[in-house]
Amino acid sequence: RCATCSTPTNMTMASVIRLNVAPIVGARRGAPQKSRNAAPIRAAAAAKKYDAAAASGQYARELEVATDAVRMASTLCQEVQAQLMRQDEQAETKDDRSLVTLADYAAQAIICWRIQQEWSDFTMVGEEDAEALTEGGEGGALTLSKIVKLVNKTLKLHKGMDAPELTSSEVVDLINKGGGAGGKGRHWVLDPVDGTLGFVRGDQYAIALAMMEDGDLKVGVMGCPNMPKMGEVLEYDSSYTYGFSPRLVSKMLAGESLGWYKGCIFTAVKGGGTYMLPCDPAIKADPLPVAVSKEFDPQAAKFCEPVMKANSSQGFTASVADNLGIESKPLRVYSQVKYGSVARADADVFMKFPKAGYKEKIWDHAAGVIIVEEAGGKVSDAGGAPLDWAGGRYLESLDRGIVATSKALHERLMDAVSKSWSSSQL
């Protein structure tokens, strides 16, 4: 949502809360985006019939388990986000001043539970641990009880009579599975709620799960419960963001059946392409192959970046976009949803340039990176080097920032970054 606007103009805040969609605040619909992005998805779907065996190969089971796990976590997260919007729950602040919610812990627990059903000795590099729950006194114990209830409710919803009834100690153990050191070997990588600020604001967030072997990403599944299927955007004074048109909102309020209009899961397997399917298991739809933009037209192109200036230098990304000839405002989106934007050609470029000294965590990028790469894109640091996943929990030796685009545009993007960097050092 727009940081400078405070009053909804297209729908009431109460309606937003009931519908559990991102607030439409002081914005107008970005009409050109819909026509631009619908075509690549439809064309890819028509050109290539989904074949699960061909898409997953030797990692068929990993893909199936990861997709099931992320779908359960998406259901859970949507319930918690609705509670936050109704102010039935609130986020807490961790020692590093980042936000955490019931969903962060519960999603990590349920995903680890699902993986553990197949591979009891798996290792996970995850964002959360249960220390605040077990060492947090009465408050921690109360939060833990809510998490256990939420996990068991979601398991029952998805697994029915086969669902176990997990205890508090079992849920704690599952959350703590995320403490893996990473490095060489086979590891799962998880951000249970990527973009927690967007999550608590009723905006975009992602459940991002990847699997790697010896530093090589093999599987990626990313749930984006609030992402519009067709890439509809709202326009603000200085940027675009995902949202829903007043016409669509009117249909929601009228109770019309809209089918798959939001909630996307992206899946990718090394060498098997990237696909998009609905978050909602009740919606039956074949996975759609998606692909990065094939041609670069500066007049039509968009770049995406983080919403918050504290997370990336928006002045520098604007300079790079200018050097590329991009005329559009940026698409500003919370979380790894930005990688999905590039993967399905809602945007041509993603750029993130954090403050000097900031260390990127692998769970903030792993799932998104393989999703872009398997959609035909290329992800690197600002110097053009591939990201090193074998260095532990952080992306060590990262050159200035991270960029993602099509392979065809990558070299030109590197030139633009170099030119902007040289200018900024004068």
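The following paragraphs lead from the overall make-up of this predicted model to some of its individual residues.

The protein comprises 14 helices and 17 strands. It has 426 residues, of which 56% count as buried. Among contacts with a separation of 6 or more, 73% are made by residues 24 or more positions apart.

After H10 comes Gly255, which has a positive phi, near 80 degrees.

Thr317 belongs to helix H11, which runs over residues 314–324. Thr317 counts as buried because its relative accessibility is 0%, below the limit of 20%. A polar atom of the Thr317 side chain lies 3.0 Å from the backbone oxygen of Gln314. Leaving out residues up to four places away in sequence, Thr317 touches Phe303, Glu305, Ser312, Met351 and Phe353.

Thr405 is part of strand E17, residues 402–406. With a relative accessibility of 0%, Thr405 also counts as buried. The side chain of Thr405 has a polar atom 2.8 Å from the backbone oxygen of Asp348. Beyond its neighbours within four places in sequence, Thr405 is in contact with several residues, including Asp348, Val349, His410 and Leu413.

Charged residues form another part of the picture. Side chains of opposite charge can pair when their charged atoms come close. The structure holds 20 salt bridges. One of them joins Glu79 and Lys153, with 2.9 Å between the closest N and O atoms. Because Glu79 lies in helix H4 (residues 60–85) and Lys153 in helix H7 (residues 137–159), this pair ties together parts that are 74 residues apart in sequence. Glu79 is partly exposed at 25% relative accessibility, and Lys153 is partly exposed at 48%.

Arg86 and Asp88 also form a salt bridge, their closest N and O atoms being 2.9 Å apart. Arg86 is partly exposed, at 45%, as is Asp88, at 48%. In the salt bridge between Lys218 and Asp216, the N to O distance is 2.8 Å. Here Lys218 counts as buried, at 15% relative accessibility, whereas Asp216 is partly exposed, at 25%. Elsewhere, salt bridges with shared partners join Arg61, Glu64, Asp68, Arg114, Glu118 and Lys159 into one network.

Note on methods:
Residues numbered from 1 in each chain as written. Predicted model: local features only at pLDDT ≥ 70, side-chain atom pairs only at ≥ 80, totals over all residues. Heavy atoms only, no water. Helix = DSSP H or I, 4+ residues; strand = E, 2+ residues; numbered from the N terminus. Buried < 20%, exposed > 50% of the residue type's maximum accessible area, 1.4 Å probe, protein only. Contact = heavy atoms within 4.5 Å. Polar contact = N/O pair within 3.5 Å; in protein donor to acceptor, adjacent residues only side chain to side chain. Salt bridge = Lys/Arg side-chain N within 4 Å of Asp/Glu carboxyl O.
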